[in-house]
Amino acid sequence: MFKYLRTTILTMLLAVFAIAASAQGDMPVHFKVTKKQVSPTELDVIFTAKIANGWHVYSTGLPADGPVSATLTTEKSEGAKAAGRLTPRGKEIKQHDNVFGMTLRYFEHSVSFVQKYKITGKTYRVKGYLEFGACNDENCMPPTQVEFDYKGEGPADAPDAVDETAADTAATALAASSDSIKGDSIAADTTTVVAQGDLWKPVIDQLKAFDSGADTAHHSLFYILIMGFVGGLLAVMMPCIWPIIPMTVSFFLKRNKDKAKGIRDAITYGISIIVIYLALGLIITAISGGNGLNSLSTNAVFNIFLFVLLVVFAVSFFGWFELELPAKWTNSIDNKASATSGLISIFLMAFTLVLVSFSCTAPIIGLLLAEVSTTNSYAAPAVGMFGFALALALPFSLFAMFPTWLKQAPKSGSWMNTIKVCLGFVELAFSLKFLSVADLAYGWHLLDRETFLALWIAIFFLLGLYLIGKLKFQSDAMSDDGKPMPVACVMLGLVSFAFAIYMVPGLWGAPCKAVSAFAPPINTQDFNLSTKEVHPQFTNYEEGMAAAAAAGKPVLIDFTGYGCVNCRKMEAAVWADPQVSDVLTKDYVLISLYVDDKQPLAKPIEVTVNGQKRTLRTVGDKWSYLQQSKFGALAQPFYVAVDPQGNPLTGSFSYKEDVQAYLDFLNKGLDNFKK
C-alpha cells in the first residue's frame, strides 16, 4: 500500500516540477529588416518586430522627457533620399503614465516601422539604423539599434548617384528633434577605456555565483507552494469541509471489511483530490502560455477584474450571500459515483467534494491565483494548486491511517465561522492591491498611497474589533454560542490593532516597510513630510571608480535611463526611504549610468557582442556595452555593488519596490567589502 502511495505522489511531483525546468527566452524583441522597391523611384525599408509577452516597444515621436522613441538614422544615402518620417504600423496603445505625467504610445506582440526613400540616381545605397526602446512591467532594455545597408538600381534614365547623406542627416535630426541631449562629455572612447583593463574586465561568472546562491527563482516556487499549502489548511477548517472529513473516513473504513483496503481507498480519495486540483493548475498554466499570467498582471482591465472578484469573495465570507454551483452538477457526479465501483467511484466522490466545497474553496483559490499572477514562474499555478490540494487531502488520509485521531479532533462550531470572516477581511485588503495597479496604469489618482493606507488602517481596525468580539456579522448570530472570544482571538485582535496603528505614520510619508510591496509608490502621495532625495555622485564610470578608490569606499553602480519608468519608481519608493538614502550617501559611492544618454562619442566604436558586430555611437551605447560585457545584463534598472577595482561584492538587484530587501542587498555588499 505504501509503495503504491509513494509511487503515485512521486509521479505527481515530477509532473509539477518538470514544468519549472522550461528554458528561459533570450532577447524579448526580435527585429527583421527587409527592403521593398515599390516602384523604380521609391524604396521602403521595413523593420518588423516580434515582441515577447509582457513587453512593449515604444512608438515614434514621444516627448523629450519620456521613454526612448523609435527613431531612424540614415548614415549613408547615395542616389536616394529619405521621404517623410519613420511610420509605425500596428495596433498602437495609448496609456497615461503617472511617473512621466504624459500619455505614452507603444505596441505589444508585433509592430512594423517603415522608412520611405526616394530613388534619385541610376544606382543607390542606403545605410543606417533604427533605434528603439522596449520595457516590461519590471525592466527596460537599453536603446537598441537595428542596422541596415541596402544597394540597388534605380531608373535607367536617372542621373548618376549623388551622396544625399548630409540632407538625410539634417532631416533625421529634424524628425528626432524631440530627443534631448543629456550626459557628461567623454574624453576617451570605449576602445581606450577597455584597453585600460581591470575596470572593464568581465565579472559575469562571479556575479552569477552570488545570484545563484540567492536562488530566487526556486525560492519563489517554494514560496508559492507554501502559500498554496497554507491556503489548503485554511480551506480544511471551513464549515463546508471540516464536518465532511469524519463522515468520509468512516464511510471508507466501514465499506471495506479489510481495514487495510479501507485505509488504501481513503488515501486514494485524498490523492484524487490532489489530482483534480493539480489538473486545474496545469490547465491554467497551459492556457496562460508560460508568462501569460505575468503579462495579465500588468493589464489594467485584468486587475480590475481581480479587484471585483476578491471583493465578491470577501462579502461572501462575511455572510452576505452564499457562492453555490448548480445543484444538478453535484447530483449528477454523486449519482455517477454511486453507480460505479473501484478507482473511478473514488475519483468521482472526490470530484463531488470539490463541487460541494466550492463556496469555501473558491475565494481561497481566487486569492492564491491572483497572487500567482504577479510572479514570473511558468509553473506557479500548478505548484500553488498542488500545495493547496495536498493540504486539503492530508486530513482524509491521516484520519484514515489513524482513526483514533478523529475522537481528538475539534468539533464543528463557531470557530470555523470566525476563520471564514477573518479571511474575508484579508481578501478585502488584498483586493485593493489590484485596484491600485489599474489606478496607476490609467492615472485616475483614486487610490494614491495615503488613500490606500487609510483603507487598510480601517480594514485591520475592524478586523481587530471582530476578533475581540465587538463587531458581529449575521453569520455570527447563527453560530453564536454565547461564549466570550477565545484568548487566541483576542491576542490576534491586538496584533491587528497594532498593525493598523503602525500604518498611521504612513499617511504623512513614513516608509511603512511591512506594506511597501503592496501600497502604491510613495511618489503618488500628495502630502509627504519625508522629502529626502538621493542624487548620484557621478554619472561617469571611470571618474566614479577613481573617486571610490581614493575614498576607500565600495561602489553602487546604477544602470538606469532617462526614459526608464521603473527606475523612477525605485528612486521614489525605495531610495527615498531614510535608511536607504543614508546608506547610499554615506557608505557608497553612487554612480548612475544612463544607457539612453544621446550625447555622441568622439567617434563611433565597433565592438563584438555574442559574435555580432555592434557600433557604439553615444555615451548611452557605451554604458549599455559596459553592462552587457562586464555584468552580462541588459535590462534597467540594474544595481550592482562592486569594490573600487570593479569586482562584485554581492548579487545584482533589479526592480522590486521592497525597502527591506534593498537594504539587505546594500548591507550585504558593505559586509563583504569590510571582509
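**Close-up views of a predicted model**

**View 1. Glutamate 542 and lysine 622.** Glutamate 542 is buried, at 16% relative accessible area. In this predicted model, glutamate 542 forms a salt bridge with lysine 622, their closest N and O atoms 3.7 Å apart. Glutamate 542 sits in helix 19 and lysine 622 in helix 22 (residues 619-631), so the pair ties together parts 80 residues apart in sequence. Lysine 622 is buried too, with a relative accessible area of 1%.

**View 2. Arginine 617 and glutamate 75.** A salt bridge joins these two side chains (2.9 Å, N to O). Arginine 617 belongs to strand 16 (residues 612-618) and glutamate 75 to strand 4 (residues 71-78), so the contact ties together parts 542 residues apart in sequence. Arginine 617 is buried at 10% relative accessibility. Glutamate 75 is partly exposed at 31%.

**View 3. Glutamate 92 and arginine 105.** Their side chains meet in a salt bridge (3.0 Å, N to O). Glutamate 92 lies in the loop between strand 6 (87-89) and strand 7 (93-97), arginine 105 in strand 8 (residues 102-108). Glutamate 92 is partly exposed, at 32% relative accessible area. Arginine 105 is buried, at 19%.

**View 4. Helix 16 against helix 18.** Helix 16 (residues 449-467) packs on helix 18 at about 160°, with the axes 8 Å apart. The two helices are therefore roughly antiparallel. The crossing is left-handed.

**View 5. A nonpolar surface patch.** Val504, Trp508, Phe527 and Leu529 make up the patch, with about 400 Å² of accessible area together. Phenylalanine 527 is in the loop between helix 18 (487-503) and helix 19 (541-551). Phenylalanine 527 is partly exposed, at 45% relative accessibility.

Definitions and conventions. Residues numbered from 1 in each chain as written. Predicted model: local features only at pLDDT ≥ 70, side-chain atom pairs only at ≥ 80, totals over all residues. Heavy atoms only, no water. Patch = residues over 30% accessible without salt bridge, like charges linked within 9 Å, V, L, I, M, F, W, Y side chains within 5 Å. Areas by Shrake-Rupley, 256 points an atom, 1.4 Å probe, with all protein chains shown as cover. Salt bridge = Lys/Arg side-chain N within 4 Å of Asp/Glu carboxyl O. Helix = DSSP H or I, 4+ residues; strand = E, 2+ residues; numbered from the N terminus. Buried < 20%, exposed > 50% of the residue type's maximum accessible area, 1.4 Å probe, protein only. Axes fitted to C-alpha atoms, helices over the stretch in contact; angles between N-to-C directions. Parallel < 35°, antiparallel > 145°, perpendicular 65-115°, else oblique. Left-handed = near helix turned anticlockwise from the far one by under 90°.
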